[in-house]
Amino acid sequence: MRIDSALVATGDKEESVKRMKKALVTARKSQDKVQIARCLVALGVRLASAGFVAGAEENWRKALNIAESNDEYDMQQIVGWTLIVKARFLKQNAEYLGALKIAERAEKILENIKNYAGVANVTALMAELCKNLNYYAKEKRYREKSEKFLKKAKIEQR
């Protein structure tokens, strides 16, 4: 997964779906549910980027099915970040209200587990969504909250 992320960051997107499918096979062999769920989320992102929306949504659904039934920190983190990914995808498709509802759910989960970087990320997204929806007072509150949690994340590394 990390190799693929590094390669995509350098512009090598050609084989990203194939690499993530290989990572998922490896994760399944390990039988580590956290790694399986993370690979499903990442594969969904790669599929969405490649235009395979149905495949992306299917992988995100599978990741959520694995993670939602487990209250452990890593699994709840996967739920929160998967919801962020889904909300960003909806935002790209101008489905701002649906994206905001999903982002609000992610915010609650990530705040509950004290994942400050996640809260900073999702509230920044929520501010963007509120701007698109002309909810300017909410936009301001979410921007302020995002900045607050970004500082917390840097201090506490969570």
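Contact here means heavy atoms within 4.5 Å. The model under review is predicted.

1. **Ala103 and its neighbours.** Ala103 touches Ala87, Val122, Leu125, Met126 and Leu129, leaving aside residues up to four places away in sequence. Ala103 also counts among the H6 residues that meet H7.

2. **The core.** The largest nonpolar core has 47 residues. Ile78 and Ala103 have the most contacts inside it. H2, H3, helix H4 (53-67), H5, H6, H7 and helix H8 (136-156) each supply at least two of its residues. H3 gives the largest share of this core, 10 residues.

3. **H6 against H7, geometry.** H6 and helix H7 (residues 116-132) pack at about 155 degrees. Their axes are 9 Å apart. Angles over 145 count as roughly antiparallel, so H6 and H7 are roughly antiparallel to each other. H6 passes H7 in a left-handed crossing.

4. **H6 against H7, residues.** On the H6 side the contact is made by Tyr96, Ala99, Leu100, Ala103, Glu104, Ala106, Glu107, Leu110 and Glu111. Facing them in H7 are Gly118, Val119, Val122, Thr123, Leu125, Met126, Leu129, Cys130 and Asn132. By class, this contact has 12 nonpolar, three polar and three charged residues.

5. **H6 against H8, geometry.** How do H6 and H8 run relative to each other, parallel or antiparallel? H6 and H8 pack at an angle of about 30 degrees, and their axes are 14 Å apart. Angles under 35 degrees count as roughly parallel, so H6 and H8 are roughly parallel to each other. The crossing of H6 and H8 is left-handed.

6. **H6 against H8, residues.** H6 brings Glu104, Glu107 and Glu111 to this contact. H8 brings Tyr142, Lys145 and Phe149. By class, the contact has two nonpolar, no polar and four charged residues.

7. **H1 against H2.** The axes of helix H1 (residues 2-9) and H2 come within 9 Å and cross at roughly 170 degrees. That makes H1 roughly antiparallel to H2. Asp4, Leu7 and Val8 of H1 meet Ser16, Arg19 and Met20 of H2. By class, the contact of H1 with H2 has three nonpolar, one polar and two charged residues.

8. **Gln31, a backbone point to check.** Gln31 is not a glycine, yet its phi is positive, near 60 degrees. Gln31 sits in the loop between helix H2 (16-30) and helix H3 (33-49). Buried or exposed? Its relative accessible area is 66%. Exposed means over 50%, so Gln31 is exposed.

9. **Ala94, likewise.** Ala94 has a positive phi of about 60 degrees, although it is not a glycine. Ala94 is found in the loop between helix H5 (73-92) and helix H6 (96-112). Its relative accessible area is 47%.

10. **Asp71 and Lys145.** Asp71 lies in the loop between H4 and H5. Asp71 is exposed, with a relative accessible area of 70%. What separates the C-alpha atoms of Asp71 and Lys145? The separation is 25 Å, and the two residues are 74 residues apart along the chain. Lys145 is one of the H8 residues in the contact with H6.

Technical notes. Residues numbered from 1 in each chain as written. Predicted model: local features only at pLDDT ≥ 70, side-chain atom pairs only at ≥ 80, totals over all residues. Heavy atoms only, no water. Helix = DSSP H or I, 4+ residues; strand = E, 2+ residues; numbered from the N terminus. Buried < 20%, exposed > 50% of the residue type's maximum accessible area, 1.4 Å probe, protein only. Axes fitted to C-alpha atoms, helices over the stretch in contact; angles between N-to-C directions. Parallel < 35°, antiparallel > 145°, perpendicular 65-115°, else oblique. Left-handed = near helix turned anticlockwise from the far one by under 90°. Nonpolar A, V, L, I, M, F, W, Y, C, P; charged D, E, K, R; others polar. Core = buried A, V, L, I, M, F, W, Y, C linked by side-chain atoms within 4.5 Å.
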